[in-house]
Amino acid sequence: MFRNQYDTDVTTWSPAGRLFQVEYAMEAVKQGSAAIGLRSKTHVVLGCVNKANSELSSHQKKIFKVDDHIGVAIAGLTADGRVLSRYMRSECINYSYTYESPLPVGRLVVQLADKAQRSWKRPYGVGLLVAGLDEKGAHLYYNCPSGNYFEYQAFAIGSRSQAAKTYLERRFENFSESTREDLIKDALMAIRETLQGETLKSSICTVAVVGAGEPFHILDQETVQKLIDSFDIAGTEEGPAAAPDSAAEGGSAAEGGAASEQGAPADEGVAPMDI
Amino acid sequence: MESIQAKQGLVGPNDPIQRTQLPYVTGTSVVALKYKDGILMAADMGGSYGSTIRYKSVERIKPIGKHSLLGASGEISDFQELLRNLDELILYDNMWDDGNSLGPKELHSYLTRVMYNRRNKFDPLWNSLVLGGVKNGQKYLGMVSMIGVNFEDSHVATGFGNHLARPILRDEWHENLSYEDGVKLLEKCMRVLLYRDRSAVNKLQIAKITEEGTTISQPYALKTFWGFTAFQNPTAGAEGSW
């Protein structure tokens with residue numbers, strides 16, 4: 001992006017009808033590490049890549065629980081993300097206090113979008129993937145620094161998110177009917193895509209789930225590692241959904257397996273993804 | 001909405017000290033119960049001005065949104081104020097047009113907040129409210145008093161109804177009453193109230209709410225019986241000048 005004389009102020013239009021400050025804010029999102037989200041009819045899974053600056057430090061928190069039924073993954077200026085999460089939590093709690101009922105995620109997202117554009121403040125430099133439930137089921141929204149928001153079946157933001165998006169584009173039609181386990185597996189695969197060959201370990205990624213009857217929570221490292229291991233061993237497609245770990249409800253090999261692939265009990269370890 | 005609410009009841013630094021209001025035109029008991037398909041609620045149509053029964057066509061039960069019924073006893077003007085407030089609330093809720101809607105539970109909670117906050121400002125809405133409704137097959141029936149006391153139950157009553165109607169309901173109410181039985185039970189309660197509550201009038205409405213929607217009956221009167229022998233010759237045994 002080249003410098004322009006119309007880009008110093010968020011209240012200045014360019015002759016072409018653009019607000020450069022907003023567009024620059026959207027660039028900030030692309031600099032952040034990847035975050036992905038996908039949903040079925042009943043569950044939403046959020047995942048993100050958590051790279052620490054150095055081996056000595058811990059990584060930044062990019063997934064926040066907003067309420068029992070809403071969570072958010074951020075990419076971009078994490079500080080801005082924290083501020084917005086705090087706002088979201090506050091809105092949810094106030095609504096719950098007055099109405100003793102969870103705030104529908106669609107309404108929260110609109111409030112968030114409206115907050116984004118204030119002429120006396122710089123735009124928030126963070127993209128938010130908001131996962132939540134309401135009366136009509138599970139929802140995934142993307143809130144942009146521009147103040148726009150969209151609903152998605154699956155989406156990815158941040159650096160190298162295109163690889164994840166490509167993966168998700170191929171698979172999204174099945175997500176509606178996916179089981180919770182398959183959804184998480186797809187999330188991990190999508191995260192893996194953004195790593196460009198680097199091994200996927202639970203120490204560099206975070207996964208969170210929310211669903212009907214399941215409050216929003218971040219999966220702990222051990223669970224995530226087990227899931228990574230189980231799909232690595234399975235090879236390319238979902239092999240025998242023999243993930244006996246963590247609440248494998250109806251680990252229906254029937255659902256995901258499609259045609260019974262000879263899951264080739266690949267012992268190659270790092271089998272390339274050829275889906 | 002904010003501006004109307006902000007005006008009411010705010011005590012400015014130079015305002016004279018406000019005290020609790022006195023109710024002027026009041027409605028008497030509301031009785032309600034859960035039955036098989038939803039909620040039944042009954043209230044008479046009287047508005048008393050002290051000891052005079054001044055108004056005889058006051059509707060004290062109103063539908064709120066798609067899922068709820070609100071009945072009120074106490075100061076009628078405060079009830080009307082609440083209705084205006086709720087109207088706006090429901091309007092904004094509908095304007096979202098997103099498939100979500102405020103159900104009876106949410107409204108009950110909201111009303112509790114309103115009543116309690118007004119009480120804290122020493123400017124209460126002088127009402128006892130009954131909120132009943134059905135949403136997604138779940139029946140809900142609750143009450144809020146003017147000081148913000150709220151609770152949920154299978155049958156509720158306000159005012160005199162608490163003393164005269166609830167004992168009847170405790171004995172005779174059971175789960176899954178049919179519509180006819182529910183109405184009979186309510187009428188029994190209302191008849192007792194009619195005989196014994198001086199501010200009751202013999203013109204009542206029974207409202208029903210189910211998953212399908214609300215119906216409020218046309219006003220009608222209960223049959224009463226006054227032919228007791230004790231009422232013939234009332235001065236027998238104590239002849240006096242009248």
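Which residue of chain A forms a salt bridge with Lys135(B), and how far apart are the closest N and O atoms? Please also tell me about the part of the structure where this pair sits.

A: Happy to! Please keep in mind that this is a predicted model. The partner of Lys135(B) is Glu135(A), and the closest N and O atoms of this salt bridge are 3.0 Å apart. In total, four salt bridges are counted between chain B and chain A. Polar contacts link the chains too: 13 residue pairs, with both residues at pLDDT 80 or more, are counted between chain B and chain A.

Which elements of chain B take part? Helix H2 (76-96) and helix H3 (104-120) of chain B each give two or more residues to the side that touches chain A. H3(B) provides the largest share of that side, with five residues.

Now let's take the contact as a whole. Here 15 residues of chain B are in contact with twelve residues of chain A. The area buried between the two chains is about 1,300 Å², and carbon and sulfur atoms give 45% of it. Within chain B, the residues that lose the most area to chain A are Trp96(B), Asn100(B) and Arg113(B); together they account for 39% of what that side buries.

Let's turn to the strands of chain A. Strand E5 (residues 126-134) of chain A pairs with E6(A) in the antiparallel sense, over seven bridges. These two strands form a hairpin, with two residues between them. To find a spot on this pairing in the picture, look for Leu133(A), which stands opposite Ala138(A) in E6(A).

Strand E6 (residues 137-143) of chain A has seven of its seven residues buried, so this strand is largely enclosed by the rest of the structure. E6(A) also has a partner in strand E7 (residues 149-151) of chain A: the two run antiparallel and are joined by three bridges. One residue to look for is Tyr141(A), whose bridge partner in E7(A) is Glu151(A). E6(A) and E7(A) form a hairpin as well, with five residues between them. In that turn, Gly147(A) has a positive phi of about 95 degrees.

How values were computed:
Residues are numbered from 1 along each chain as its sequence is written. Chains are lettered from A and ligands numbered from 1 in the order in which they are written. This is a predicted model: local features need pLDDT of at least 70, side-chain atom pairs count only at pLDDT 80 or more; totals for chains, interfaces and linings use all residues. Side-chain values use heavy atoms; hydrogens and water are left out. Contact means heavy atoms within 4.5 Å. Buried area is the accessible area (1.4 Å probe) that two parts lose on being put together, summed over both. A salt bridge is a side-chain nitrogen of Lys or Arg within 4 Å of a carboxyl oxygen of Asp or Glu. A polar contact is a pair of N or O atoms within 3.5 Å; within protein, one must be able to donate a hydrogen and the other to accept it, and residues adjacent in sequence count only if both atoms are side-chain atoms. Helices (H or I, at least four residues) and strands (E, at least two) are DSSP runs, numbered from the N terminus. Buried means under 20% relative accessible area, exposed over 50%, partly exposed in between (1.4 Å probe, protein chains only). Two strands pair if DSSP finds at least two bridges between them.
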